[in-house]
Amino acid sequence: MKKKILVTGGLGFIGSHTVVCLHEAGFEPIIIDNLSNSQMSAMGGIKSLIGFEPTFVNANVNDTEVLSQLIIDHKPEAIIHFAAFKAVGESVEKPLMYYENNVVGLISVLEVMKAQGISNLVFSSSCTVYGEPDQVPVLETTPTKPAQSPYGATKQMGEIILKDNASWCKTQCLRYFNPIGAHPTAALGELPLGIPNNLIPYLTQTVAGLRNELTVFGNDYDTPDGTCIRDYIHVMDLAEAHVKAVERLVQNKQEENFELFNIGTGNGFSVLEVIQSFEKENNIQVPHKIGPRRAGDVVKVWADTTKVNNVLGWTAKRGLDEMMRDSWNWQLKLQKN
Ligand code: UFG
């Protein structure tokens, strides 16, 4: 019988791709998602890729009764907890909403796990915990910096809560760098609500004619071309990292109960390099201008991936050009619908 994996937020951007990869790796994904930042169309995408709709419950993880019943009914071997809000700016405007959803949500998941005897968890953390690092690339041991936003604080708190519960809960804590791209078939991708904050959805919407022009936030930073540098990672590579993390948990291979991994490619690219890669790969111009810096932006951050490569046995396989191609194909698919 297939091992069941409960995926909270399984209809979101990273969650939906992970559901497909879990199925392909021989697991049975079970989804709980309250559609607060996702859409049912993701289920259509999942079905078109795996041939059926996985079990799905429309609920908030803070609804511990529903969560408990789901766990009693399905007895998952592990939980991947994606369900969380992720917009830095919104978290500044609505901090309580972020603490409620991201911190209380995690506590709910842990309480139900403990009560039901489940002790395997994969947690979505973020490179935001490093803040503006003193040195790049960042290692898992690089000191974290005070959070720049309530969103960042919720990720730091999540890590602390999980470390404090390591006596009974085995956690794979994955610090994502900048997830972009889409499924290569364009069956799944990111569905940003409203005006996107992030670079790639804004860029693809601009090229599609939905926005006038992309603004590059500052070109006077201390980087080779003056624009900020990030470690962009293809969402399929990220999804595959979750499968590796689940396998490590269910095969009892963890060396410590709380394990932390950087999930990036190890390569940093500037905003202008991203634009150039998009233009070259898709043979289409990106209308853009240089604007002022965006408050709170980190200048440069990319991952040291030695630990995740050697210990988890995972390496990102897809390059920036592939990310640009898949992101654009996804946008084209959205235009057609
Ligand atoms: N950028 C632009 N123009 C835009 C949007 C973004 O120039 O319209 C630039 C930003 O200034 C930054 C880069 O593109 O240099 C990437 O910006 P994103 O908003 O796509 O991503 P961030 O690195 O700011 O944020 C991401 C996630 C957060 C996470 C953070 C950790 O969205 O959830 O990484 O560093 F916390």
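This report describes the ligand surroundings, the ring interactions and several loop residues of a predicted model.

Residues are numbered from 1 along each chain as its sequence is written. Local features need pLDDT of at least 70 and side-chain atom pairs count only at pLDDT 80 or more, while totals for chains, interfaces and linings use all residues; side-chain values use heavy atoms, with hydrogens and water left out.

**The ligand and its shell**

There are 19 residues around the ligand, and Asn198, Leu199, Thr215, Arg230 and Asp297 come nearest; a residue is near a molecule if one of its heavy atoms lies within 4 Å of it. The shell divides into 9 nonpolar, 6 polar and 4 charged residues. In this division Ala, Val, Leu, Ile, Met, Phe, Trp, Tyr, Cys and Pro count as nonpolar, Asp, Glu, Lys and Arg as charged, and the others, Gly among them, as polar. Strand S8 (residues 214-217) gives the most to the shell, with 4 residues. Strands (E, at least two residues) and helices (H or I, at least four) are DSSP runs, numbered from the N terminus.

| Residue | Atom of the residue | Ligand atom | Distance |
|---|---|---|---|
| Leucine 199 | polar backbone atom | oxygen | 2.8 Å |
| Threonine 215 | backbone N or O atom | nitrogen | 2.7 Å |
| Aspartate 297 | side-chain N or O atom | oxygen | 2.5 Å |

The protein covers 90% of the 680 Å² of accessible area that the ligand has on its own; such areas come from the Shrake-Rupley method with a 1.4 Å probe, and for residues only the protein chains shown count as cover.

**Aromatic rings**

The structure holds 3 aromatic pairs. Rings of Phe, Tyr and Trp (its six-membered ring) pair if their centres lie within 6.5 Å; planes under 30 degrees apart count as stacked, over 60 as edge-to-face and the rest as tilted. The ring centres of phenylalanine 278 and tryptophan 328 are 5.7 Å apart and the planes stand at 75 degrees, so this pair is edge-to-face. Because phenylalanine 278 lies in helix H9 (residues 271-282) and tryptophan 328 in helix H11 (residues 320-336), the pair ties together parts that are 50 residues apart in sequence. Both phenylalanine 278 and tryptophan 328 are buried, where buried means under 20% relative accessible area, exposed over 50% and partly exposed in between (1.4 Å probe, protein chains only).

Charged side chains also meet rings. The charged end of arginine 293 sits over the ring of tyrosine 221, 4.0 Å from its centre, and that of lysine 307 sits over the ring of phenylalanine 261, 5.0 Å from its centre. This description requires NZ of Lys or CZ of Arg within 6 Å of the ring centre and within 35 degrees of the ring normal.

**Residues in loops**

The loop between strand S5 (120-126) and helix H6 (150-164) contains threonine 142, which is buried with a relative accessible area of 16%. Its side chain reaches the backbone nitrogen of leucine 139 at 2.8 Å. Proline 137 lies in the loop between S5 and H6 as well, and the peptide bond from valine 136 to proline 137 is cis, with omega near -5 degrees.

Glycine 264, in the loop between strand S11 (258-263) and strand S12 (269-270), is buried with a relative accessible area of 1%.

Asparagine 283 is found in the loop between H9 and S13. Although asparagine 283 is not a glycine, its phi is positive, about 55 degrees, and the residue is exposed, with a relative accessible area of 72%.

How values were computed:
A polar contact is a pair of N or O atoms within 3.5 Å; within protein, one must be able to donate a hydrogen and the other to accept it, and residues adjacent in sequence count only if both atoms are side-chain atoms.
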